[in-house]
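Me: Hi, I have a new structure open and would like to talk it through with you. Could you help me find my way around?

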Amino acid sequence: MTARTLARAGGILLACSATAAWSQTYTVNSINPITAFGEVAAAATGDTIFFQNNTTVTAVSGSGARIKGTVRRATVTIRCAGSGSPNTCSIAGNNARVRVGSLSSTGRARAFSEFIATPGTGVLTGTLTGSTLDFVVSGFTGTGNKTFFLDTKLPIKGDNEGVPGDTGAETSTYYVYVAKDPTTPTTGLTAAATITIRRSLYIQLPLIPLRFGSLVRQPSGTSAQVTINQTTGARTQTGNVNLIAAPLPAFGRAQITVKGEPSTTFAVSYSPTGNIVMSNGANNLSITTLKTNSSSGTLDGTGTLTLGVGGTITVTASTPRGEYSGNLTVTVTYN
(Lines give C-alpha, C1' and ligand atoms only; values in the text may rest on other atoms or scores of the structure.)
Protein backbone atom coordinates (compact mmCIF):
# COMPACT_ATOMS: atom_id res chain seq x y z
CA MET A 1 0.00 0.00 0.00
CA THR A 2 1.38 3.45 -0.92
CA ALA A 3 0.44 6.81 0.59
CA ARG A 4 1.27 9.96 -1.43
CA THR A 5 1.32 13.58 -0.24
CA LEU A 6 1.60 16.59 -2.58
CA ALA A 7 2.50 20.14 -1.54
CA ARG A 8 3.78 23.31 -3.16
CA ALA A 9 6.61 25.28 -1.56
CA GLY A 10 8.31 28.08 -3.45
CA GLY A 11 7.08 26.72 -6.72
CA ILE A 12 8.55 23.26 -6.09
CA LEU A 13 6.29 20.18 -6.09
CA LEU A 14 7.15 17.81 -3.21
CA ALA A 15 6.08 14.15 -3.34
CA CYS A 16 6.62 11.72 -0.42
CA SER A 17 5.78 8.00 -0.46
CA ALA A 18 5.82 5.22 2.18
CA THR A 19 5.42 1.46 1.69
CA ALA A 20 3.76 -0.71 4.39
CA ALA A 21 6.03 -3.59 5.53
CA TRP A 22 5.16 -7.13 4.55
CA SER A 23 5.79 -9.60 7.38
CA GLN A 24 6.48 -13.29 7.90
CA THR A 25 5.63 -15.53 10.86
CA TYR A 26 7.60 -18.75 11.42
CA THR A 27 6.28 -21.46 13.74
CA VAL A 28 7.22 -25.01 14.69
CA ASN A 29 4.17 -26.69 13.24
CA SER A 30 4.89 -30.20 14.58
CA ILE A 31 7.47 -32.65 15.92
CA ASN A 32 6.13 -35.95 14.67
CA PRO A 33 6.83 -38.75 15.21
CA ILE A 34 8.53 -38.30 18.56
CA THR A 35 12.01 -39.71 19.13
CA ALA A 36 11.98 -43.32 20.39
CA PHE A 37 14.93 -45.53 21.42
CA GLY A 38 13.08 -48.78 22.18
CA GLU A 39 14.48 -50.96 24.97
CA VAL A 40 18.11 -50.93 26.14
CA ALA A 41 20.22 -52.49 28.89
CA ALA A 42 22.30 -50.18 31.04
CA ALA A 43 25.94 -50.84 31.88
CA ALA A 44 26.89 -52.32 35.25
CA THR A 45 29.00 -49.21 35.87
CA GLY A 46 29.25 -45.89 34.07
CA ASP A 47 27.19 -44.25 31.35
CA THR A 48 26.34 -45.76 28.01
CA ILE A 49 25.60 -43.37 25.15
CA PHE A 50 22.97 -44.71 22.75
CA PHE A 51 22.87 -43.25 19.24
CA GLN A 52 19.44 -43.14 17.60
CA ASN A 53 20.16 -42.84 13.90
CA ASN A 54 16.98 -42.93 11.81
CA THR A 55 15.47 -46.35 12.73
CA THR A 56 18.51 -47.93 14.41
CA VAL A 57 20.03 -47.62 17.88
CA THR A 58 23.62 -48.52 18.74
CA ALA A 59 25.75 -48.11 21.85
CA VAL A 60 28.59 -45.78 20.80
CA SER A 61 30.30 -45.74 24.22
CA GLY A 62 29.97 -47.70 27.44
CA SER A 63 29.09 -51.36 27.96
CA GLY A 64 25.30 -51.15 27.76
CA ALA A 65 23.45 -52.84 24.91
CA ARG A 66 20.48 -52.45 22.62
CA ILE A 67 17.69 -54.98 23.31
CA LYS A 68 14.65 -54.46 21.08
CA GLY A 69 11.66 -52.22 20.35
CA THR A 70 10.51 -49.53 17.95
CA VAL A 71 13.05 -46.85 17.01
CA ARG A 72 11.96 -43.54 15.46
CA ARG A 73 13.63 -40.31 14.41
CA ALA A 74 11.78 -37.03 14.78
CA THR A 75 10.55 -35.07 11.77
CA VAL A 76 10.24 -31.35 12.52
CA THR A 77 7.95 -29.18 10.40
CA ILE A 78 8.57 -25.41 10.19
CA ARG A 79 5.76 -23.26 8.79
CA CYS A 80 6.03 -19.84 7.20
CA ALA A 81 2.95 -17.60 7.03
CA GLY A 82 3.27 -14.25 5.26
CA SER A 83 1.08 -11.20 4.90
CA GLY A 84 0.92 -8.72 2.07
CA SER A 85 1.12 -9.27 -1.65
CA PRO A 86 3.20 -10.82 -3.03
CA ASN A 87 3.61 -13.42 -0.26
CA THR A 88 6.87 -12.55 1.48
CA CYS A 89 7.74 -16.17 2.43
CA SER A 90 9.02 -16.50 -1.12
CA ILE A 91 11.41 -13.55 -0.95
CA ALA A 92 15.07 -14.64 -0.87
CA GLY A 93 16.70 -13.84 2.46
CA ASN A 94 13.53 -14.27 4.49
CA ASN A 95 14.45 -17.45 6.40
CA ALA A 96 13.64 -19.30 9.59
CA ARG A 97 16.22 -19.49 12.37
CA VAL A 98 15.99 -22.66 14.49
CA ARG A 99 17.50 -23.61 17.84
CA VAL A 100 17.43 -27.13 19.36
CA GLY A 101 18.53 -28.10 22.89
CA SER A 102 17.89 -30.31 25.92
CA LEU A 103 15.43 -29.70 28.73
CA SER A 104 14.67 -32.23 31.52
CA SER A 105 15.01 -36.00 31.92
CA THR A 106 13.75 -38.75 34.23
CA GLY A 107 15.24 -41.78 35.98
CA ARG A 108 18.44 -43.07 34.45
CA ALA A 109 18.03 -41.04 31.28
CA ARG A 110 20.33 -38.02 31.16
CA ALA A 111 20.10 -34.89 29.00
CA PHE A 112 20.88 -35.41 25.33
CA SER A 113 24.59 -35.20 24.60
CA GLU A 114 24.17 -34.53 20.89
CA PHE A 115 21.59 -33.64 18.27
CA ILE A 116 22.06 -34.18 14.54
CA ALA A 117 19.83 -32.28 12.08
CA THR A 118 19.58 -33.40 8.45
CA PRO A 119 17.53 -31.81 5.62
CA GLY A 120 14.06 -32.91 4.72
CA THR A 121 12.36 -30.52 2.34
CA GLY A 122 14.17 -27.48 3.75
CA VAL A 123 17.72 -26.27 3.13
CA LEU A 124 19.78 -26.19 6.36
CA THR A 125 22.85 -24.03 7.06
CA GLY A 126 24.59 -23.46 10.37
CA THR A 127 25.38 -25.64 13.40
CA LEU A 128 23.73 -28.97 12.60
CA THR A 129 25.55 -31.21 15.10
CA GLY A 130 26.16 -30.67 18.81
CA SER A 131 24.55 -30.40 22.23
CA THR A 132 22.77 -27.22 21.03
CA LEU A 133 21.89 -26.57 17.40
CA ASP A 134 21.51 -23.13 15.78
CA PHE A 135 20.81 -23.04 12.06
CA VAL A 136 18.75 -21.45 9.31
CA VAL A 137 16.03 -23.15 7.30
CA SER A 138 15.53 -21.73 3.81
CA GLY A 139 13.89 -22.73 0.58
CA PHE A 140 10.38 -21.44 1.24
CA THR A 141 8.57 -20.60 -2.00
CA GLY A 142 5.42 -19.22 -0.41
CA THR A 143 3.20 -19.83 2.56
CA GLY A 144 3.82 -23.44 3.59
CA ASN A 145 6.08 -25.92 5.38
CA LYS A 146 9.67 -27.09 5.31
CA THR A 147 10.94 -30.13 7.22
CA PHE A 148 14.14 -31.48 8.72
CA PHE A 149 15.02 -34.71 10.55
CA LEU A 150 16.45 -34.91 14.06
CA ASP A 151 18.63 -37.78 15.32
CA THR A 152 19.98 -37.94 18.88
CA LYS A 153 22.55 -39.34 21.28
CA LEU A 154 21.32 -40.11 24.80
CA PRO A 155 23.47 -41.09 27.82
CA ILE A 156 22.00 -43.66 30.23
CA LYS A 157 23.25 -44.04 33.81
CA GLY A 158 24.82 -47.34 34.83
CA ASP A 159 23.53 -49.65 37.56
CA ASN A 160 26.01 -48.16 40.03
CA GLU A 161 24.19 -44.81 39.77
CA GLY A 162 20.65 -46.16 39.83
CA VAL A 163 18.40 -46.94 42.77
CA PRO A 164 16.10 -49.97 43.25
CA GLY A 165 13.20 -49.70 40.83
CA ASP A 166 14.93 -46.94 38.85
CA THR A 167 14.33 -48.64 35.50
CA GLY A 168 11.51 -49.01 33.00
CA ALA A 169 10.04 -46.34 30.74
CA GLU A 170 11.93 -43.04 30.99
CA THR A 171 11.97 -39.78 29.03
CA SER A 172 14.35 -37.01 28.04
CA THR A 173 12.85 -33.82 26.64
CA TYR A 174 14.14 -31.26 24.17
CA TYR A 175 12.94 -28.06 22.55
CA VAL A 176 12.76 -26.82 18.98
CA TYR A 177 12.38 -23.03 18.79
CA VAL A 178 12.02 -20.87 15.68
CA ALA A 179 11.98 -17.17 14.73
CA LYS A 180 12.60 -15.07 11.66
CA ASP A 181 16.32 -14.91 11.02
CA PRO A 182 18.39 -13.25 12.51
CA THR A 183 16.23 -13.06 15.68
CA THR A 184 17.26 -15.59 18.35
CA PRO A 185 14.35 -18.04 18.78
CA THR A 186 12.73 -18.35 22.22
CA THR A 187 9.41 -20.05 21.46
CA GLY A 188 8.35 -23.24 19.74
CA LEU A 189 7.51 -26.81 20.73
CA THR A 190 8.98 -29.41 23.11
CA ALA A 191 9.06 -33.19 22.72
CA ALA A 192 9.73 -36.07 25.11
CA ALA A 193 11.91 -38.85 23.69
CA THR A 194 11.06 -42.29 25.08
CA ILE A 195 13.40 -45.09 26.17
CA THR A 196 12.86 -48.25 28.22
CA ILE A 197 15.86 -49.05 30.43
CA ARG A 198 16.75 -52.44 31.94
CA ARG A 199 19.49 -53.26 34.39
CA SER A 200 22.59 -54.79 32.91
CA LEU A 201 22.38 -58.55 32.31
CA TYR A 202 25.51 -60.40 33.38
CA ILE A 203 26.90 -63.62 34.81
CA GLN A 204 28.11 -63.19 38.37
CA LEU A 205 31.63 -64.32 39.19
CA PRO A 206 33.10 -66.58 40.42
CA LEU A 207 31.46 -69.49 38.64
CA ILE A 208 31.11 -72.93 40.18
CA PRO A 209 32.38 -75.45 37.58
CA LEU A 210 31.02 -78.87 36.71
CA ARG A 211 33.05 -81.45 38.70
CA PHE A 212 32.97 -85.25 38.52
CA GLY A 213 35.35 -85.72 41.45
CA SER A 214 37.63 -88.75 41.69
CA LEU A 215 36.77 -92.04 39.97
CA VAL A 216 38.49 -95.39 40.21
CA ARG A 217 37.89 -97.69 37.24
CA GLN A 218 37.91 -101.47 37.40
CA PRO A 219 40.78 -103.14 35.50
CA SER A 220 38.27 -105.12 33.47
CA GLY A 221 34.57 -105.44 32.79
CA THR A 222 31.95 -103.40 31.02
CA SER A 223 31.87 -99.64 30.69
CA ALA A 224 30.11 -97.46 33.24
CA GLN A 225 28.40 -94.08 33.27
CA VAL A 226 28.86 -91.39 35.89
CA THR A 227 26.23 -88.63 36.03
CA ILE A 228 26.12 -85.29 37.83
CA ASN A 229 22.51 -84.12 38.24
CA GLN A 230 21.98 -80.65 36.76
CA THR A 231 19.48 -79.61 39.46
CA THR A 232 20.82 -81.15 42.67
CA GLY A 233 24.48 -81.76 41.84
CA ALA A 234 24.22 -85.36 43.09
CA ARG A 235 26.56 -87.95 41.59
CA THR A 236 25.27 -91.34 40.48
CA GLN A 237 26.75 -94.28 38.61
CA THR A 238 25.64 -97.18 36.53
CA GLY A 239 27.84 -100.04 35.43
CA ASN A 240 31.33 -101.18 36.32
CA VAL A 241 33.09 -98.32 38.11
CA ASN A 242 34.00 -97.43 41.69
CA LEU A 243 33.41 -93.91 43.06
CA ILE A 244 35.77 -92.62 45.71
CA ALA A 245 33.87 -91.01 48.58
CA ALA A 246 36.75 -88.75 49.53
CA PRO A 247 35.72 -85.11 50.14
CA LEU A 248 38.40 -83.79 47.81
CA PRO A 249 38.30 -83.14 45.01
CA ALA A 250 34.61 -82.31 45.36
CA PHE A 251 31.98 -83.18 42.79
CA GLY A 252 28.91 -81.20 41.79
CA ARG A 253 27.01 -79.41 39.06
CA ALA A 254 28.10 -76.18 37.40
CA GLN A 255 26.24 -73.17 38.78
CA ILE A 256 26.00 -70.02 36.67
CA THR A 257 24.28 -67.13 38.48
CA VAL A 258 22.63 -64.63 36.12
CA LYS A 259 21.78 -61.11 37.36
CA GLY A 260 19.63 -58.47 35.69
CA GLU A 261 16.20 -56.82 35.59
CA PRO A 262 13.74 -58.54 37.97
CA SER A 263 11.00 -60.70 36.42
CA THR A 264 12.33 -60.47 32.86
CA THR A 265 13.17 -63.27 30.46
CA PHE A 266 16.47 -63.87 28.72
CA ALA A 267 17.97 -66.21 26.16
CA VAL A 268 20.89 -68.46 27.07
CA SER A 269 23.25 -70.23 24.68
CA TYR A 270 26.10 -72.65 25.21
CA SER A 271 29.27 -73.30 23.26
CA PRO A 272 29.83 -76.05 22.35
CA THR A 273 26.15 -76.65 21.73
CA GLY A 274 26.55 -80.43 22.10
CA ASN A 275 28.96 -82.49 24.11
CA ILE A 276 31.87 -81.01 26.03
CA VAL A 277 35.20 -82.67 25.33
CA MET A 278 37.51 -82.94 28.33
CA SER A 279 41.12 -83.71 27.62
CA ASN A 280 44.17 -85.06 29.43
CA GLY A 281 46.99 -84.61 27.00
CA ALA A 282 46.09 -86.74 23.96
CA ASN A 283 43.30 -88.52 25.84
CA ASN A 284 39.69 -87.33 25.79
CA LEU A 285 36.45 -87.83 27.69
CA SER A 286 33.15 -86.61 26.29
CA ILE A 287 30.44 -85.13 28.52
CA THR A 288 26.83 -85.43 27.46
CA THR A 289 25.53 -82.24 29.08
CA LEU A 290 22.34 -81.84 31.11
CA LYS A 291 20.97 -78.32 31.65
CA THR A 292 18.30 -76.76 33.85
CA ASN A 293 17.77 -74.06 31.20
CA SER A 294 18.64 -75.12 27.70
CA SER A 295 17.58 -71.98 25.82
CA SER A 296 15.92 -69.40 28.10
CA GLY A 297 15.26 -68.34 31.68
CA THR A 298 13.27 -65.88 33.78
CA LEU A 299 14.87 -63.77 36.50
CA ASP A 300 13.11 -63.78 39.86
CA GLY A 301 11.86 -60.76 41.81
CA THR A 302 15.40 -59.93 42.90
CA GLY A 303 16.77 -60.16 39.36
CA THR A 304 18.56 -63.48 39.89
CA LEU A 305 18.51 -66.97 38.36
CA THR A 306 21.01 -69.78 38.79
CA LEU A 307 21.57 -72.03 35.78
CA GLY A 308 22.65 -75.59 36.49
CA VAL A 309 24.74 -77.74 34.17
CA GLY A 310 25.41 -81.42 34.82
CA GLY A 311 26.31 -84.28 32.56
CA THR A 312 27.25 -87.88 32.00
CA ILE A 313 30.63 -89.41 31.14
CA THR A 314 31.41 -92.97 30.14
CA VAL A 315 34.41 -94.74 31.73
CA THR A 316 35.79 -98.03 30.39
CA ALA A 317 38.38 -100.44 31.69
CA SER A 318 40.86 -98.90 29.23
CA THR A 319 40.18 -95.23 29.98
CA PRO A 320 43.61 -93.66 30.67
CA ARG A 321 43.99 -92.32 34.18
CA GLY A 322 44.71 -88.65 34.79
CA GLU A 323 42.99 -85.30 35.34
CA TYR A 324 40.58 -84.27 32.57
CA SER A 325 39.29 -80.76 31.93
CA GLY A 326 37.32 -78.85 29.30
CA ASN A 327 35.53 -75.55 28.66
CA LEU A 328 31.94 -74.43 28.30
CA THR A 329 31.05 -70.87 27.27
CA VAL A 330 27.67 -69.51 28.45
CA THR A 331 26.12 -66.40 26.90
CA VAL A 332 22.98 -64.59 28.13
CA THR A 333 20.98 -61.87 26.37
CA TYR A 334 17.63 -60.22 27.07
CA ASN A 335 14.72 -61.41 24.95
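This is a predicted model: local features need pLDDT of at least 70, side-chain atom pairs count only at pLDDT 80 or more; totals for chains, interfaces and linings use all residues.

Me: What is the phi of Asn54 near?
Reply: Phi of Asn54 is near 60°, which is a positive value in a residue that is not glycine. Most residues other than glycine have a negative phi.

Me: And is Asn54 buried, partly exposed or exposed?
Reply: Asn54 is partly exposed, with a relative accessible area of 34%.

Me: Which other residue has a positive phi without being glycine?
Reply: Ser263 is one, with phi near 65°. You'll find Ser263 in the loop between β24 (254-259) and β25. Ser263 counts as exposed because its relative accessible area is 54%, and the cut-off for exposed is over 50%.

Me: Okay, zooming out. How many helices and strands are there in the protein?
Reply: The protein has 0 helices and 30 strands. Its radius of gyration is 35 Å, well over the 20 Å that the globule rule gives for 335 residues, so the protein is more spread out than a compact globule.

Me: What does the C-alpha trace span along its principal axes?
Reply: About 140 × 35 × 25 Å.

Me: What share of the residues is buried?
Reply: Buried residues make up 39% of the 335 in the protein. As for the surface, the protein exposes about 16500 Å², and carbon and sulfur atoms supply 52% of that.

Me: Among contacts between residues at least 6 apart in sequence, what percentage join residues at least 24 apart?
Reply: That would be 72% of those contacts.

Me: Switching to charges. How many positive and negative ones are there?
Reply: There are 24 positive and 13 negative charges, and their mean positions are 6 Å apart. A search of the whole structure turns up 8 salt bridges.

Me: Let's look at some of those. What does Arg97 form a salt bridge with?
Reply: Arg97 pairs with Asp134, and the closest N and O atoms are 2.8 Å apart. This pair links distant parts of the chain: Arg97 sits in strand β9 (residues 96-105) and Asp134 in strand β13 (residues 133-138), 37 residues apart.

Me: Are those two side chains buried or exposed?
Reply: Arg97 counts as buried because its relative accessibility is 16%, and buried means under 20%. Asp134 is partly exposed at 21%.

Me: Which arginine besides that one meets Asp134?
Reply: Arg99 does, in a salt bridge of 2.9 Å from N to O. Arg99 lies in strand β9 and Asp134 in strand β13, so this pair ties together parts that are 35 residues apart in sequence. Arg99 is partly exposed, with a relative accessible area of 23%.

Me: Nice. And what about Arg108, what is its salt-bridge partner?
Reply: Arg108 forms a salt bridge with Asp159, with 2.6 Å between the closest N and O atoms. Here both partners are in loops: Arg108 in the one between β9 and β10 (114-119), and Asp159 in the one between β14 (144-156) and β15 (168-180), 51 residues apart. Arg108 is buried at 2% relative accessibility, while Asp159 is partly exposed at 21%.

Me: Which residues do salt bridges with shared partners join into one network?
Reply: Asp47, Arg110 and Glu161 are joined that way.

Me: New topic: prolines. Which residue does a cis peptide bond join to Pro206?
Reply: Leu205, with omega about 0°. Pro206 is in the loop between β17 (202-203) and β18 (211-212). A cis peptide bond also joins Ser271 and Pro272, with omega about 5°, and Pro272 is placed in the loop between β25 (265-271) and β26 (276-280). Most peptide bonds are trans.

Me: Last one. Where is Pro249 found?
Reply: Pro249 is in the loop between β22 (241-243) and β23 (251-252), and at 45% relative accessibility it counts as partly exposed.

Me: What is Pro249 in contact with, leaving aside its neighbours within four places in sequence?
Reply: Gly213 and Ser214. Pro249 and Gly213 are 36 residues apart in sequence, and 5.3 Å apart in space from C-alpha to C-alpha.

Note on methods. Residues are numbered from 1 along each chain as its sequence is written. Side-chain values use heavy atoms; hydrogens and water are left out. Helices (H or I, at least four residues) and strands (E, at least two) are DSSP runs, numbered from the N terminus. The radius of gyration is taken over C-alpha atoms; the globule rule is 2.2 Å times the number of residues to the power 0.38. Buried means under 20% relative accessible area, exposed over 50%, partly exposed in between (1.4 Å probe, protein chains only). Contact means heavy atoms within 4.5 Å. Accessible areas come from the Shrake-Rupley method with a 1.4 Å probe; for residues, only the protein chains shown count as cover. Lys and Arg count as positive and Asp and Glu as negative; His and the chain ends are not counted. The place of a charge is taken as NZ of Lys, CZ of Arg, CG of Asp or CD of Glu. A salt bridge is a side-chain nitrogen of Lys or Arg within 4 Å of a carboxyl oxygen of Asp or Glu.
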